[in-house]
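My plan is to look up a few features and write down what I find.

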Amino acid sequence: MVVLQTVVGIVLLVIVGVLAWSAIEPYTIDRQSLEVTLPHLPDAWDGRVVAVIADTQVGMRLANISTIRRIVAELVERRPAVVLMAGDFVYEAQRDPEGIARRSAELLAPLVEAGLPVYAVLGNHDYAMPSRDVEPDERVAEAVWEAAEGVGIRMLENETLPLTLPEDGEPRQEAETLYLAAIGAHVPGRDRPVETLAQLPAEAARIVMMHHPDSFDALSASTAPLAVAGHTHGGQFRIPFTPQWTWMTFTEDDTVHPSGWIPDFGAEGNRLYVNRGIGFSVLPLRLNAPPEITYLTLRKPAAESGASTP
């Protein structure tokens, strides 16, 4: 009996500890700093940093507002060349689309005010779609789009554009340009991955941004050497000491691509990085999946930079 009581006590302590940490972890920030070799990268972009954030989810009860503010302040201080926001500005915004969308945009506005170029796509919650079984709410999507553009964030859907360094002014010639290809939201059926990338010059250096990782699987071989996505929150509850197991592993019918570089996914020559985002779904808790800023330092391939190939 004593042994059983001891075991029960230990189990209860572990459960309390896990719950306590899952309430604390959302207010920590994980910074992933990665070097990425990008074919045909212009010299001006070699060594430049692209920051990726996602899933602010403003509107949820106990939304992670303080962490959003801290992340924005850090980005203003570190001044990456570009900030990419991979969708899901809001969460359950149907009750007040304009008000919640405006609040989400205002939280990100200091980035633009500091002179940082910010580009974004919409996610499923920006259409008030927690799942495919729910009809999209275009009112919410329009409110999010207009509020973000109102503070200077460049919103994109199934389109490409040349990226300009803040000090450069106008884009350069195509051969000297880095392009952004931004794919629409997958769950409401607004993504056109193949058509979007077809707009690019054949050998243009490019970064591909989407909200849902599933959009990546449709891309043709070697068309997306660097793609970024959000949506998953890293599973939000990741089982410790396991590489990819999260609660999504057991609740989703489709294959789950929770976070980080996703191996063995997509066509040959394509590579996807999934950012864990900042906010929440369902519960204002995170376990072993802290909010993330991804810093991608772009590098030219050795052969293109004139260095010897290892």
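**Entry 1: helix against helix.** For this entry I count two residues as in contact when heavy atoms lie within 4.5 Å. The model is a predicted one. I looked up which residues link helix α2 to helix α3. On the α2 side I found I65, I68, R69, V72, L75 and V76. They meet R103, L107, L108, P110 and L111 of α3. I then sorted the residues of this contact by type: nine are nonpolar, two are charged and none is polar.

Next came the geometry. Two packed helices are described by the angle between their axes and the distance between the axes. Helix α2 covers residues 65-78 and helix α3 covers residues 97-113. I read an approach of the two axes to within 8 Å and a crossing angle of roughly 25°. Angles under 35 degrees count as roughly parallel, so I logged α2 as roughly parallel to α3. I noted the crossing of α2 past α3 as right-handed.

**Entry 2: the sheet.** In what order do the six strands of the open sheet run? I traced β1-β12-β2-β3-β4-β5, and the pairing is mixed. Strands β1 (30-37) and β5 (154-155) stand at the edges. Each has a single partner strand, so one side of each is left without a neighbour in the sheet.

I then checked the pairing of β1 with β12. Strand β12 spans residues 292-299. The two strands run parallel, and I found eight bridges joining them.

**Entry 3: D46.** Where does D46 sit? I found D46 in the loop between β1 and β2 (49-53). Is D46 buried, exposed or partly exposed? Its relative accessibility is 33%, so I marked D46 as partly exposed.

I also looked for partners of D46 beyond its neighbours within four places in sequence. The contacts are L41, L298, R299 and K300.

**Entry 4: whole chain.** I listed seven helices and twelve strands in the chain. Of its 310 residues, 53% are buried. I then took the contacts between residues at least 6 apart in sequence. Of these, 75% join residues at least 24 apart.

How values were computed: Residues numbered from 1 in each chain as written. Predicted model: local features only at pLDDT ≥ 70, side-chain atom pairs only at ≥ 80, totals over all residues. Heavy atoms only, no water. Pairing = 2+ DSSP bridges. Helix = DSSP H or I, 4+ residues; strand = E, 2+ residues; numbered from the N terminus. Axes fitted to C-alpha atoms, helices over the stretch in contact; angles between N-to-C directions. Parallel < 35°, antiparallel > 145°, perpendicular 65-115°, else oblique. Left-handed = near helix turned anticlockwise from the far one by under 90°. Nonpolar A, V, L, I, M, F, W, Y, C, P; charged D, E, K, R; others polar. Buried < 20%, exposed > 50% of the residue type's maximum accessible area, 1.4 Å probe, protein only.
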